[in-house]
Amino acid sequence: AVHWNPASISGLRGSELSFGLELLDADVDLTTTIGGVSNTTDGDAGFVPIPSIGWVHHFDNTPLSIGLGVSAIAGFRNNLPSDPANIVLAAGPAYASAEFLQIAPTLSYALSDRLSIGFAPTLTTATLLLDPLGPSVVTPAPVAGSGNRMHWGGGFQIGAYYEANECWSFGFTYKSKQWFEAFNFFVPGGTIQFDLDYPMLLSLGTAYTGVENLTIAVDARYVDFANADGFRDLGFSSVFAFAVGAQYRIGDHLFLRAGYNINAQPIKENDVFTNIYTPLIQEQNMAVGGTWRLACNVDINLAYVHAIENSVTGPLPPLGPTATLSNRLSADSAILGVAVRY
């Protein structure tokens, strides 16, 4: 609620503090095909920990609710070894990592029993490591020098939450672009700058609770990669995403959940080489999970998410039209969380 719609924290039935940790394991490989001969190199990104903290507090006898979210909102890691048989990696290994952490102090105001509005300024930190730089991410040719510091950015998000009746509720969110300072990379010849902003997002969602013990939710989302610095330079296209999820309550202590997400492919064939180390090509995710109410005010949350395998293939420009490059990605993550209501 804190992350996706600041107004929706008014819809939570009580004050709550929650902690979560996700362990993400991405399976990535890179394939080059030249003259009909293919060579594949497997990556080894390892498990990546992704933390999150959420807090919501309702003030008694007032329409005001406040919250705070601290969460990793995006990122990736790719770690490819040197491979003499793979022309892209013949000169040495390749490593890429990006981490975006956002802090969102949140305010929601209930205009009525059914309608709430919310606002949250957002402070975002980003770390981007690329070794080597290039071939087209920040330089036309590979350059040694991946050292980088944490960079800072900011923006805001606004939302509305409406409970139409006892069965239906609706939400809308506008998350502004996160404007970042320029990323500076120190290289032997000086400094290379790369402008990168986090894209603007629009979200519209609804939930139905008209069947006893069952909640069904549907979201539609627009991610404006094409108008965000950095992503636009890498050839990313703006995409729509759709998600559906369901929760079923069993007794007083157990809640079971499942969900499915699909989005368009942001990286097109002609831009595969440009995004050689940034395989953000997932299109479908599936998730299952649940909550065990350990006590009247303590929940234990577990979830498993699988990013269904996907690949994208495009030309390898330095070697002519018959050479191609393919990125393949699948991922799995396990999530553990604890929520305390008061």
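Leaving aside residues up to four places away in sequence, S116 is in contact (heavy atoms within 4.5 Å) with A7, S10, S108, Y109, A110, L111, G159, A160 and Y161. S116 belongs to strand β6, and its relative accessibility of 5% makes it buried (under 20% relative accessible area; exposed is over 50% and partly exposed in between, with a 1.4 Å probe and protein chains only). The model is predicted, so local features need pLDDT of at least 70 and side-chain atom pairs count only at pLDDT 80 or more, while totals for chains, interfaces and linings use all residues. Residues are numbered from 1 along each chain as its sequence is written, and side-chain values use heavy atoms, with hydrogens and water left out.

**Strand pairing**

- Strands are DSSP runs of E with at least two residues, numbered from the N terminus, and two of them pair if DSSP finds at least two bridges between them.
- Strand β12 (residues 201-211) runs antiparallel to β8 (residues 168-175), and eight bridges join the two.
- Within this pairing, S203 in β12 is the bridge partner of T173.
- β12 is also antiparallel to β13 (residues 214-223), to which nine bridges join it.
- Here L202 stands opposite Y222 of β13.
- The hairpin of β12 and β13 has two residues between the strands, and N213 in this hairpin adopts a positive phi near 70 degrees.

**Nonpolar surface patch**

- Y109, L111, L115, I117, Y162, W168 and F170 make a nonpolar surface patch of about 640 Å².
- Members of such a patch have over 30% relative accessible area and no salt bridge, and nonpolar side chains (Val, Leu, Ile, Met, Phe, Trp, Tyr) are joined within 5 Å; accessible areas come from the Shrake-Rupley method with a 1.4 Å probe.
- At least two residues of the patch come from each of β6 (115-131) and β8.
- L111 is placed in the loop between β5 (94-110) and β6.

**Salt bridges**

- The whole structure holds eleven salt bridges (a side-chain nitrogen of Lys or Arg within 4 Å of a carboxyl oxygen of Asp or Glu).
- R328 and D27 form one of them, with the closest N and O atoms 3.1 Å apart.
- This pair links distant parts of the chain, R328 lying in β18 and D27 in β1, 301 residues apart.
- R328 is buried at a relative accessible area of 14%, whereas D27 is partly exposed at 35%.
- Salt bridges that share partners join D27, D29, E309 and R328 into one network.
- R77 and E99 meet through their side chains in a salt bridge (3.3 Å, N to O).
- Because R77 lies in β4 and E99 in β5, this pair ties together parts that are 22 residues apart in sequence.
- R77 is partly exposed at 25% relative accessibility, and E99 is partly exposed with a relative accessible area of 41%.
- In the salt bridge between R293 and D299, the closest N and O atoms are 2.9 Å apart, and both residues are buried.

Terms used
Helices (H or I, at least four residues) and strands (E, at least two) are DSSP runs, numbered from the N terminus. Patches are made of residues with over 30% relative accessible area and no salt bridge: like charges are joined within 9 Å, nonpolar side chains (Val, Leu, Ile, Met, Phe, Trp, Tyr) within 5 Å.
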